[in-house]
Amino acid sequence: MGKNEFEGIKRQVCTKIDYLYEALCASIPSIKAESLLQSKISINSSPFVYQNERINCSIEDIILTIPSSEIRHLYRSDEKNIDNVELRLSLNGCINANTWKDKDKNPWETLTLKTKLIVLTMTGMYTRNFHVDLIEDNENIYQEVHPLSHIHFHGTSDNCEKNVEIDVPRLVHFPLDMVLGLSVALRNYLPAAYEKLKNNPIYLGLCYESQKRLLVPYFNVYRNGIGVDGKANKTIQKVCPYLV
């Protein structure tokens, strides 16, 4: 791959970030999505490394302030006065530029989508977080069960025992980029905003491409991973290590 071709792929990535920013601002005016533009600048300014041919993408925080009367999955007692609710999404990942050229393949070598719900009340701050990781060789790195793509939940509240922590197992989950991650977070926490966003033709186009690039290859592993004898092959065992 030559330098001009690599730079062209970087421009394609930046263009998709521009499209996502445009769709979010048009559909959800209250959203703070400037980090998308900052990530685009970061990608454009990163040095070209011919031997590597990879594009690192980092989006720090897309922030949505949510009225407490509209948010879903928030259970509270009447005596707690909720001052503010925020939904934050961030992303870190690495795109293989060679794979990007094949529009039927997943170009992400690593991909982490983080979601944090922050609730400020008169009695303290409460958070509920989850992230979806797509990382190769997880078990070799962490020496524990890490499906290829998995979801992990965690969170804190000021009235909990700070010296006690129970880890939640990494559960199999399909991979999420920022487009698919927004759909999951908004569909659960703020469905009214999700309905507006999913009717935006720009966002729909981005969803279709993300589903094709991420979900089709991922679920094809399941379709081809278990034989007529019921046994799972090594490929699907990497994606879902709970199979035998």
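The legends below describe close-up views of a predicted model of one protein chain.

**Figure 1. Overall arrangement of the protein chain.** The protein chain contains eight helices and six strands. Read from the N terminus, its elements follow the order α-α-β-β-α-β-β-α-β-β-α-α-α-α. The chain has 244 residues, and 43% of them count as buried. Among contacts between residues at least 6 apart in sequence, 62% join residues that are at least 24 apart.

**Figure 2. The contact of helix α5 with helix α6.** Two packed helices are described by the angle between their axes and by the distance between those axes. Helix α5 spans residues 178-189 and helix α6 spans residues 191-198. Their axes come within 6 Å and cross at roughly 135°. An angle over 145 degrees would count as roughly antiparallel, and one of 65 to 115 degrees as roughly perpendicular; α5 and α6 are therefore oblique to each other. On the α5 side, the contact is made by S183, L186, R187, N188 and Y189. On the α6 side, P191, A193, Y194 and L197 take part. By type, the residues of this contact divide into six nonpolar, two polar and one charged.

Figure 3. Is S39 buried or exposed? S39 counts as buried because its relative accessibility is 2%, and the cut-off for buried is under 20%. Leaving aside residues up to four places away in sequence, S39 touches I17, S58 and I59. S42, by contrast, is partly exposed, since its relative accessible area is 42%. S42 and C14 are 28 residues apart along the chain, and their C-alpha atoms are separated by 9.7 Å.

Figure 4. Rolling a probe the size of a water molecule over the atoms shows where empty space is left. How many cavities of 30 Å³ or more does the structure hold? The structure holds one. The volume of the largest cavity is about 330 Å³. Its lining consists of 20 residues, and those nearest the centre are K16, W108, D177, V179 and S210. At least two lining residues come from each of α1 (3-27), β1 (54-65), β2 (82-96), α5 and α7 (201-225). Which helix gives the most to this lining? Helix α7 does, with five residues. In the lining as a whole, 15 residues are nonpolar, one is polar and four are charged.

**Figure 5. The second largest pocket.** This pocket has a volume of about 320 Å³. It is lined by 17 residues, and N106, W108, L134, E136 and L148 are the closest to its centre. The elements β3 (108-121), α7 and α8 (234-239) each supply at least two residues of the lining. Helix α7 gives the most to the lining of the second largest pocket, with four residues. The lining of the pocket divides into ten nonpolar, four polar and three charged residues. W108 is among the residues closest to the centre of this pocket, and W108 is also among those nearest the centre of the largest cavity.

How values were computed: Residues are numbered from 1 along each chain as its sequence is written. This is a predicted model: local features need pLDDT of at least 70, side-chain atom pairs count only at pLDDT 80 or more; totals for chains, interfaces and linings use all residues. Side-chain values use heavy atoms; hydrogens and water are left out. Axes are lines fitted to C-alpha atoms, for helices over the stretch in contact, and angles run from 0 to 180 degrees between N-to-C directions. Angles under 35 degrees count as roughly parallel, over 145 as roughly antiparallel, 65 to 115 as roughly perpendicular and the rest as oblique. Contact means heavy atoms within 4.5 Å. Ala, Val, Leu, Ile, Met, Phe, Trp, Tyr, Cys and Pro count as nonpolar, Asp, Glu, Lys and Arg as charged, and the others, Gly among them, as polar. On a 1 Å grid over the protein atoms alone, a cavity is a set of points where a 1.4 Å probe fits but cannot get out, and a pocket is an open set with protein on both sides within 12 Å along at least five of seven lines; lining residues have an atom within 4 Å of a point. Grid points are joined across faces, edges and corners, and a volume is the space filled by probe spheres set on the points. Buried means under 20% relative accessible area, exposed over 50%, partly exposed in between (1.4 Å probe, protein chains only).
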